[in-house]
Amino acid sequence: MDRLVVWVLGTWHACFLLAVFLVGAHASGVAGSLTGAIGTGVGILAFGWLWAVSLWAAHRVVAGGASRALAGLYGAGAGVLFVAGAGTVTIFVAALQEGLQPLVGLVFVAFACVPAAIVGSLVGWLLMVLDVAIVGGKGELSAPPGQQP
Amino acid sequence: MYAVHLVHVLSMAVVVGGGVVGALQGGSRRLEAVHWGALAALVVTGVGNVGRYGDALPVVGTAWGTVLMAKLVLVVILLGLSVRRSHAVWRGRPAVAWHAATAAVSAAIAGSGVWLAHG
């Protein structure tokens, strides 16, 4: 498996999702208020987590042969990981700062993982379709045998 | 915010410069790896730059807001071109034209950024 392919696809997915989100938010007139509500450190950590789960999903999909089914499966996994990770950290930070009980928040995060899996699966499938369209075929999502490091 | 601006500008220099180098000398796997790291830094700091304006961010109906939208769309195009460029590199195919294309689009993005900052 080519590590460059995984690096490119995982990074492209994370960047594309964030860029498209910003385009949509700006078109709706809410980009400033939405992004301004997030602190710099929080934003960097959130993107870093998104990037990490995107790389993980890309690695699993490429290693498994880059099928749409795998893209949907690991897209769901990425959605769950992102929401669970970001949600858990948010709950515990709020618990420390506000003195709230984290258990209720964690239950909410657990329930939120269900739509996260559904949305993640759809996004993963769509990104695979886009990837294949850009590079011109599923077989292009790997380096030729002589090129692989 | 200074650090966010600095990383954003330095990342754009890497993206533009890398595209020019690739167009002149041909690309490499290492250049692609660095290019994507710079793109990620560019995108996340771009969000930070937008967030600085908060509710005062001009909307699309204004000249400034329209140029920002054009810049964001160019960023999405650059991302897609970069995938195509990296694909050529990992398949061992000529990628000079793709490097030139990414250099041109990233230069246009930089130009729109300068207008947004000083225009």
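Modeller: Let's take H1(A) and follow its neighbours. Its axis and that of helix H2 (residues 29-53) of chain B come within 10 Å and cross at roughly 20°. That makes H1(A) roughly parallel to H2(B). On the wording: angles under 35 degrees count as roughly parallel, over 145 as roughly antiparallel, 65 to 115 as roughly perpendicular, and the rest as oblique. The axes are lines fitted to C-alpha atoms, for helices over the stretch in contact, and the angles run from 0 to 180 degrees between N-to-C directions. The crossing of H1(A) with H2(B) is left-handed. Left-handed means that the near helix is turned anticlockwise from the far one by less than a right angle, and right-handed means clockwise.

Before we go on, keep in mind that this is a predicted model: local features need pLDDT of at least 70, side-chain atom pairs count only at pLDDT 80 or more, and totals for chains, interfaces and linings use all residues. For reading the names, residues are numbered from 1 along each chain as its sequence is written, chains are lettered from A and ligands numbered from 1 in the order in which they are written, and side-chain values use heavy atoms, with hydrogens and water left out.

Now for a helix partner inside chain A. The axes of H1(A) and H3(A) come within 8 Å, crossing at roughly 135°. H1(A) and H3(A) are therefore oblique to each other, and their crossing is right-handed. As for what counts as an element, helices (H or I, at least four residues) and strands (E, at least two) are DSSP runs, numbered from the N terminus. Chain A has five helices and zero strands, running α-α-α-α-α from the N terminus on.

What about side chains here? Trp7(A) and Trp51(A) form a tilted aromatic pair, 5.4 Å centre to centre with 40° between the planes. Trp7(A) belongs to helix H1 (residues 3-27) and Trp51(A) to helix H3 (residues 40-63) of chain A, so this pair ties together parts that are 44 residues apart in sequence. The rule is that rings of Phe, Tyr and Trp (its six-membered ring) pair if their centres lie within 6.5 Å; planes under 30 degrees apart count as stacked, over 60 as edge-to-face, and the rest as tilted.

Trp51(A) has another ring partner: with Phe47(A) it makes a tilted pair at 5.9 Å centre to centre, and the planes are 40° apart. Phe47(A) and Trp51(A) are both in helix H3 of chain A, four residues apart, about one turn of the helix. Put together, ring pairs link Trp7(A), Phe47(A) and Trp51(A) into a cluster. Over all chains, the structure holds five aromatic pairs.

From the C-alpha atom of Gly48(A) to that of Val20(A), 28 residues away along the chain, the separation is 17 Å.

Ala66(A) is buried, with a relative accessible area of 4%.

A word on cysteines in chain A. Cys15(A) is buried, at a relative accessible area of 0%, and Cys113(A) is buried too, at 14%. The whole structure has zero disulfides over all chains, a disulfide being a pair of cysteine sulfur atoms within 2.5 Å.

Stepping back to chain A as a whole, 39% of its 149 residues count as buried. Its C-alpha trace spans about 60 × 35 × 25 Å along the principal axes.

Technical notes: Buried < 20%, exposed > 50% of the residue type's maximum accessible area, 1.4 Å probe, protein only.
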